[in-house]
Amino acid sequence: LTGNSLGRLSLFALSITPYITASIIIQLLMVAIPKLESMVKDNIDGQEKLEKMNYIVAGVLGFMEALAMSIGFGKKGLLLSYTWYNCLIVTVLWGGCSLLLIFIGKMIDKKGIGNGISLILLFNILSSIPSDAITLYDKFCSNQNIPMIIVRLAIICVIVLCVFCFSILLNDSEKRVPIQYSKGTTYMGAQRSFIPIKVCIAGVLPVIFASSLMSFPILIVNMLGLQLTGWKQTLLMMLNSSYWFDMSTPICSIGYVIYALLVIFFGYFYASITFNSYEIAENLKKSGGTICGIRPGKPTVEYFDKQVKYLIFIGTAGLLIIATVPIVVSGIFSLGSLSLGGTYIMIISSVILETKKQFELEAIYHKASIFNRQKSSIFGFSMKKEGI
């Protein structure tokens, strides 16, 4: 449905990107508008209203993007006839199919296991791996003898496997802050517990934010059909990751520095709006819990802020390593954009891990329900036998 969408110009060419963009916009608006955040927290129907807002924004963005793409393709002569009617048909088809794909994702949420939107995004990436594998083979292994082919394939597999393993480690790593509860209170059935803080708090979102922001000027230029020359063209090439670390255009690698700074900025920014140290410290104080060696109140807030800053630095550094390795290899050997890039590898590993956890939870729930049915049937038999 979505593999190689623009290459083959499928009906699902927009995929679920409008929904992802809409989710990001809504999350940022919740930070800027406290009333919106309080509506989601306090109101019972707040989550449903937020989801409806997501659908509306995603629909508007989808049709706007479809319109921009149809106009851009029409100006380049890619439509049979560049008329308002043909542009309208393409816009309606692409925008409507994008909403249909979002609806399918939500049906997977209700009827299946795992996050439907994330699974569709995962299938989109996985469907492009065979063609990328052929590209790598043609680039490194064609016209080579068998021993050299084996060696080069082994090197490629080791690099991809190392990036995958590091991505999984980064996704699952967390710092457990030990919590001690007073003798008179228990929390979750125990007097001693911990609060987990993920090393990669923002997940892959900083990389997505940075990539989207840098590709936005390129999208505008392509949509308007502008022909840039001189320093303007060089500046635009700096924003394109396909030219980074390319020996023929070394100056374009400056764009990677901008990209790295944006990843670090968005890593700190997103973590600051998702991890509320003050709120966690207040909830901890109300439940009678304290961090070992740290006084309640302001010292606890300062402790959480300090730990989060360290973890954000480690997480964003890890994200940059995962994102940089494929970019460097692709730039040096002129491979172009691959589905085995750093961002895609992070998405693949995180979605598979989350789906695995969902399967484990379903298995535990299934075993518990079977045990409860067996237990109730046993007790029912004994009660009838005793005449009760």
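Glutamine 27, at 32% relative accessibility, counts as partly exposed, a class that lies between buried, under 20% relative accessible area, and exposed, over 50%, as computed with a 1.4 Å probe on protein chains only. Glutamine 27 lies in helix α2, where helices are DSSP runs of H or I with at least four residues, strands are runs of E with at least two, and both are numbered from the N terminus. This is a predicted model, in which local features need pLDDT of at least 70 and side-chain atom pairs count only at pLDDT 80 or more, while totals for chains, interfaces and linings use all residues. Residues are numbered from 1 along each chain as its sequence is written, and side-chain values use heavy atoms, with hydrogens and water left out.

Asparagine 54 belongs to helix α4, residues 46-75, and is buried, because its relative accessible area is 7%. Apart from residues up to four places away in sequence, asparagine 54 touches Tyr19, Ala22, Ser23 and Ile26, where contact means heavy atoms within 4.5 Å. Serine 15 is found in the loop between α1 (5-8) and α2 (17-32); its phi is near 55 degrees, a positive value in a residue other than glycine. Serine 15 counts as buried because its relative accessibility is 6%.

For the protein chain as a whole, the model has 14 helices and 3 strands, and 35% of its 388 residues count as buried. Among contacts between residues at least 6 apart in sequence, 66% join residues at least 24 apart. The accessible surface comes to about 23,300 Å², and 68% of it belongs to carbon and sulfur atoms; such areas come from the Shrake-Rupley method with a 1.4 Å probe, and for residues only the protein chains shown count as cover.

In soluble globular proteins, nonpolar side chains tend to be buried together. A nonpolar core is here a set of buried Ala, Val, Leu, Ile, Met, Phe, Trp, Tyr and Cys residues joined through side-chain atoms within 4.5 Å. The largest such core has 48 residues, and those with the most contacts inside it are Val177, Ile179, Ile197, Tyr259, Ile291 and Phe304. The elements that each supply at least two residues of this core include the strands β1 (174-181) and β2 (192-198) as well as the helices α8 (146-172) and α11 (254-274), while the largest share, 10 residues, comes from α13. A second, separate core of 10 residues includes Ile16, Ala22, Cys97 and Ile120. Within the chain, isoleucine 197 is in contact with Glu174, Lys175, Val177, Phe275, Phe304, Val308 and Leu311, leaving aside its neighbours within four places in sequence.

On a 1 Å grid over the protein atoms alone, a cavity is a set of points where a 1.4 Å probe fits but cannot get out, a pocket is an open set with protein on both sides within 12 Å along at least five of seven lines, and lining residues have an atom within 4 Å of a point. Grid points are joined across faces, edges and corners, and a volume is the space filled by probe spheres set on the points.

A search of the whole structure finds 2 cavities of 30 Å³ or more. The largest cavity has a volume of about 50 Å³, and its lining residues include Val199, Cys200, Pro206, Gly267 and Leu319. Helix α13 (residues 298-333) gives the largest share of this lining, 4 residues, and the lining residues divide into 7 nonpolar, 4 polar and no charged. The second largest cavity has a volume of about 30 Å³; among the residues that line it are Ala281, Lys285, Ile291 and Thr300.

The second largest pocket has a volume of about 1,100 Å³. This pocket is lined by 35 residues, of which Asn115, Ser118, Val204, Leu205 and Tyr270 lie nearest its centre. Helix α14 gives the most to the lining of the second largest pocket, with 9 residues.

Note on methods: Ala, Val, Leu, Ile, Met, Phe, Trp, Tyr, Cys and Pro count as nonpolar, Asp, Glu, Lys and Arg as charged, and the others, Gly among them, as polar.
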